[in-house]
Amino acid sequence: MAQAVPADRKLWSGGKSPFNVEYGKLMMWYFLMSDAFTFGAFLISYGTIRFSSNSWPDPNEVFRAFPVVGNMPIPLAFVSLMTFILIMSSVTMVLAVGAGHANDRKKVLFYMALTILGGIAFLSCQAWEWTHMHEEGAWWGRNPFMNIDGSQSSTNFTNFFFTITGFHGFHVFSGVVINIIMFIMTYRGVFERRGHYLMIEKAGLYWHFVDLVWVFVFTCFYLF
Amino acid sequence: MENTHTTTAEHGGEHSFDTKAIWRTFRVLLYITLFELVLAIGYYEITAFQTHTFKHILNGVFIILTLAKAFFIVAEFMHLGHELKNLIMTIAVPALLFLWFLGAFLWDGNSYKNLRNNYDRNHLEQSQQKVEKTEHGAHEAKKPGSLE
């Protein structure tokens, strides 16, 4: 099949796009694909190390703190709140995309603002959680939590926790920055002049991906 | 090759946006997450459930529910379910590599653990030694029958 094509001849001479999506959107999908494998590699290496360990700390013991209230009678309460915030901001993002389809600039601005707020709220929650765990003595290379069977734990748990939630948090942060840029561009009427809000859709894809990754991080670190 | 030409009408420029479907997806995600929490907390609180077998079943349930959530996010929020089949396939088929990726590496980790426990008895004894409760875990005595 490998045929030499003269430089002046295009392989595809235009017409209907085979996937019927815009170029940038398709490339965003493929970027997210590769990003998914990066996160997958992180989470699977976490799984490999955990499978090779005789014991592991109990997430219900580690993640039981809540701001103001202190140690909750219900473990995992705080991280559930974080999950809720992220899913909620995904919903407002879809609503912003929907408003973009209707070319409704005001509504796009409104929903993008809500999405940005959701992202900032999530990052604040994560900052609190990190601070709290750091105060308890947990950090890269330091693990104050014992294994569930009462034996001495290694630092694998905290190393993976901070690396993977940190990498995810960095994605949330860049997502918020992208959303802020989209907000400013919408505000200045760039998309209105362009006649479509496809950029909002592409930013939206990235934002949903961040939510998607969180679903897996949540299961791997807090539920298993 | 044929299906590259069948792309037109319904997928054209403007999709009608269904706000109701978005909220329905949101509710599904919320309920699944709440259900997962009930299971996790139930397992933690009810000591009778804290056995190896039960934990394995529970983890299986978590995996299925997580994949269900991922499906809803990708299909509805990211709108992939409404794209052309060819596009769906270029995303979904490479993702199948994860099956090998996950299987091979977890198997490797498990095998390493078993080999090490067999041939390095010192490591096994060390890893079974109990330590004094640290300050953090002090508020609760070790749960009987908990998973090792």
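Biologist: What is the mean pLDDT of chain B, and what share of its residues reach 70 or more?

Modeller: Chain B averages 81, with 78% of its residues at 70 or more. pLDDT is the predictor's confidence in each residue, from 0 to 100. This is a predicted model, where local features need pLDDT of at least 70, side-chain atom pairs count only at pLDDT 80 or more, and totals for chains, interfaces and linings use all residues. Residues are numbered from 1 along each chain as its sequence is written, while chains are lettered from A and ligands numbered from 1 in the order in which they are written.

Biologist: Where in chain B does pLDDT stay under 50?

Modeller: Over residues 1-14 and again over residues 137-148. Beyond four places in sequence, the model has nine contacts for residues 1-14 and 19 for residues 137-148. Two residues are in contact if their C-beta atoms, placed from the backbone, lie within 7 Å. Where pLDDT is low, the predicted coordinates should not be read in detail.

Biologist: How does chain A do on confidence, then? What is its mean pLDDT?

Modeller: The mean for chain A is 91, and 94% of its residues reach 70 or more. Within chain A, confidence is lowest in strand E2 (residues 70-71), with a mean of 72, and highest in helix H5 (residues 156-187), at 97. For the whole model, ipTM is 0.87 and pTM is 0.86.

Biologist: Switching to the interface: how many residues of each chain are in contact?

Modeller: 55 residues of chain B contact 49 residues of chain A. On chain B's side, H1(B) gives the most, with eleven residues. That side divides into 27 nonpolar, 19 polar and nine charged residues. Here Ala, Val, Leu, Ile, Met, Phe, Trp, Tyr, Cys and Pro count as nonpolar, Asp, Glu, Lys and Arg as charged, and the others, Gly among them, as polar.

Biologist: Which residues of H1(B) are buried?

Modeller: B:Ile22, B:Thr25, B:Leu29, B:Glu36, B:Ala40 and B:Tyr44. A residue is buried if 20 or more other C-beta atoms lie within 10 Å of its own, exposed if 12 or fewer, and partly exposed in between, with C-beta atoms placed from the backbone. The buried residues of H1(B) pack against helix H2 (59-62), H3 and H7 of chain A, together with H2 of chain B. Across chain B, 10% of the 148 residues count as buried.

Biologist: In the largest nonpolar core, which residues touch the most other members?

Modeller: A:Ala96 and A:Ile200, out of 67 residues in that core. H7(A) gives the most to this core, with 16 residues. A nonpolar core is a set of buried Ala, Val, Leu, Ile, Met, Phe, Trp, Tyr and Cys residues joined through C-beta atoms within 7 Å.

Biologist: What does A:Ile200 touch?

Modeller: Leaving out residues up to four places away in sequence, A:Ile200 touches A:Ala96, A:Val97, A:Gly100, A:Val108 and A:Met182.

Biologist: Last one: what follows H5(A)?

Modeller: A:Gly189, with a positive phi near 80 degrees.

How values were computed
Helix = DSSP H or I, 4+ residues; strand = E, 2+ residues; numbered from the N terminus.
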